[in-house]
Amino acid sequence: MAGSVNKVILIGNVGADPEIRRTQDGRPIANLRIATSETWRDRNSGERREKTEWHNVVVFNEGLCKVVEQYVKKGAKLYIEGQLQTRKWQDQTGNDRYTTEVVLQGFNSTLTMLDGRGEGGGMRSGGGGQDFGASGGYGDDYERGPAASAPARSGSGGSRGGSSNFSRDMDDDIPF
């Protein structure tokens with residue numbers, strides 16, 4: 001086996017409105033918490049059980065930060081692709097602490113809104129979503145042309161690309 005892979009894929013709900021901070025040179029950093037849940041039936045009692053796992057997500061990609069800031073709210077259902085990173089820090093008493101986060105940075109990250117824009121929770125009819133890809137859904141993909149854009153992640157199973165879908169891709173409510 002050659003090389004290694006560090007890739008995380010999450011589909012879950014945002015637990016609170018995202019926190020947007022800025023670096024000293026003005027670049028945005030978005031922090032959000034995503035909840036993923038699994039359910040099962042208890043063999044002994046027959047009761048339905050649920051386990052929720054919380055994930056810290058940090059977005060360094062400027063384009064994706066703009067999307068998070070404008071459109072992502074508490075309750076929104078998101079598809080996230082990123083990498084796991086663990087960072088070391090010290091608490092107030094000087095003890096070393098470790099935090100593992102899903103990090104979205106560079107061109108190997110994806111953020112897709114799975115519900116309607118501005119509606120926290122619930123799927124939009126048709127199961128479609130907004131795919132903002134690694135570049136935040138504008139900029140590089142638009143400049144390279146429609147054939148280079150990332151495939152759409154929607155319930156329709158079709159793929160985006162080529163000139164036949166280009167006008168449909170451009171016809172949406174997002175102002176960028």
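## Around V59

Let's start with V59, which touches P28, I29, A30, L32, L64, C65 and L104, leaving aside residues up to four places away in sequence. Contact here means heavy atoms within 4.5 Å. Keep in mind that this is a predicted model: local features need pLDDT of at least 70, side-chain atom pairs count only at pLDDT 80 or more, and totals for chains, interfaces and linings use all residues. Residues are numbered from 1 along each chain as its sequence is written, and side-chain values use heavy atoms, with hydrogens and water left out.

## The nonpolar core

V59 is among the residues with the most contacts inside the largest nonpolar core, which has 21 residues. Such a core is a set of buried Ala, Val, Leu, Ile, Met, Phe, Trp, Tyr and Cys residues joined through side-chain atoms within 4.5 Å. Elements that each supply at least two residues include β3 (28-41), β4 (48-59) and β5 (77-90). The most comes from α1, with five residues. Helices (H or I, at least four residues) and strands (E, at least two) are DSSP runs, numbered from the N terminus.

I80 is another core residue on that list, and it sits in strand β5. I80 counts as buried because its relative accessibility is 1%; buried means under 20% relative accessible area, exposed over 50%, and partly exposed in between (1.4 Å probe, protein chains only). I80 touches V8, I9, L10, V57, V102, L104, T110 and L111, again not counting residues up to four places away. The C-alpha atoms of I80 and I11 are 6.4 Å apart, although 69 residues separate the two along the chain.

## Salt bridges

The structure holds seven salt bridges, each a side-chain nitrogen of Lys or Arg within 4 Å of a carboxyl oxygen of Asp or Glu. In one of them, E69 pairs with R22, with the closest N and O atoms 3.5 Å apart. E69 lies in helix α1 and R22 in strand β2 (residues 19-22), so this pair ties together parts 47 residues apart in sequence.

E101 and R87 form another, at 3.0 Å between the closest N and O atoms. This one links strand β6 to strand β5. E101 is buried at 10%, whereas R87 is partly exposed at 41%.

The chain's mean pLDDT (the predictor's confidence in each residue, from 0 to 100) is 76, and 65% of residues reach 70 or more. Over residues 118-129 the pLDDT is below 50, and it stays under 50 over residues 132-167. Where pLDDT is low, the predicted coordinates should not be read in detail.
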